[in-house]
Amino acid sequence: MNRKYKLATSEKFDEYMKAMGVGLITRKVGASVSPVLELEKDDSGTYTLHSNSTFKNHAIKFKIGEEFDEETPDGRKVKSVITIDGDTMTHIQKGDKETKIIRVFSDDEVKMTLTVDDIVCTRIYKPL
């Protein structure tokens, strides 16, 4: 909580974005930036997940287990639900395709696994 992590490695992100229908130019720009993640929680139990980069800043506000409307960084409109079990955050996005994003938080990294269809993308973030 309230720590910042910067993207260090990324595998199969272009394939993931392509499967989601993201256009070529947005995929190239998205693959070239190293976003910084930060998770915050306020007194009311509302979480905010920030992803900031030189290309785009994006934040989602949510309560655990409650469905919410989300616009993804590439402009898709989806219905999302986020749950937390220990250090693992599971984020399900339902739109034209269903996507599962698992973020495992530890002191030395955040491991993010994104799955759509049969494509699995892994992105590792390291603390700043």
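Mentor: A pocket here is an open set of grid points with protein on both sides within 12 Å along at least five of seven lines, and a volume is the space filled by probe spheres set on the points. Please bear in mind that this is a predicted model.

Trainee: How much space lies in the largest pocket?

Mentor: Rolling a probe the size of a water molecule over the atoms shows where empty space is left. In this model, the largest pocket holds about 180 Å³.

Trainee: Which residues line the largest pocket, and how are they divided by class?

Mentor: The lining consists of Met1, Arg3, Tyr5, Leu39, Ile84, Gly86, Asp87, Thr88, Met89, Phe105, Ser106 and Asp107. Six of these residues are nonpolar, three are polar and three are charged.

Trainee: Turning to the sheet, in what order do the strands lie, and is the pairing parallel or antiparallel?

Mentor: Strands of a sheet pair through backbone hydrogen bonds, in either a parallel or an antiparallel manner. Here ten strands make up an open sheet, ordered β4-β3-β2-β1-β10-β9-β8-β7-β6-β5, with antiparallel pairing. At its edges are β4 (57–62) and β5 (68–71), each of which pairs on one side only. From one strand to the next, the twist averages 25°.

Trainee: How many bridges join β1 to β2?

Mentor: Strand β1 (residues 4–11) is joined to the antiparallel strand β2 (residues 36–41) by three bridges. Lys6, for example, has Val36 in β2 as its bridge partner.

Trainee: What does the UniProt record annotate over residues 4–126?

Mentor: An unreviewed UniProt entry assigns these residues the annotation "domain: Lipocalin/cytosolic fatty-acid binding". In the model, the span 4–126 is 13% helix and 56% strand, and its end C-alpha atoms lie 8 Å apart.

Note on methods. Residues numbered from 1 in each chain as written. Predicted model: local features only at pLDDT ≥ 70, side-chain atom pairs only at ≥ 80, totals over all residues. Heavy atoms only, no water. Pairing = 2+ DSSP bridges. Helix = DSSP H or I, 4+ residues; strand = E, 2+ residues; numbered from the N terminus. Axes fitted to C-alpha atoms, helices over the stretch in contact; angles between N-to-C directions. UniProt positions renumbered as here; feature names shortened; annotations may be inferred. 1 Å grid on protein atoms, 1.4 Å probe; cavity = no way out; pocket = protein on both sides within 12 Å on 5 of 7 lines; lining within 4 Å. Nonpolar A, V, L, I, M, F, W, Y, C, P; charged D, E, K, R; others polar.
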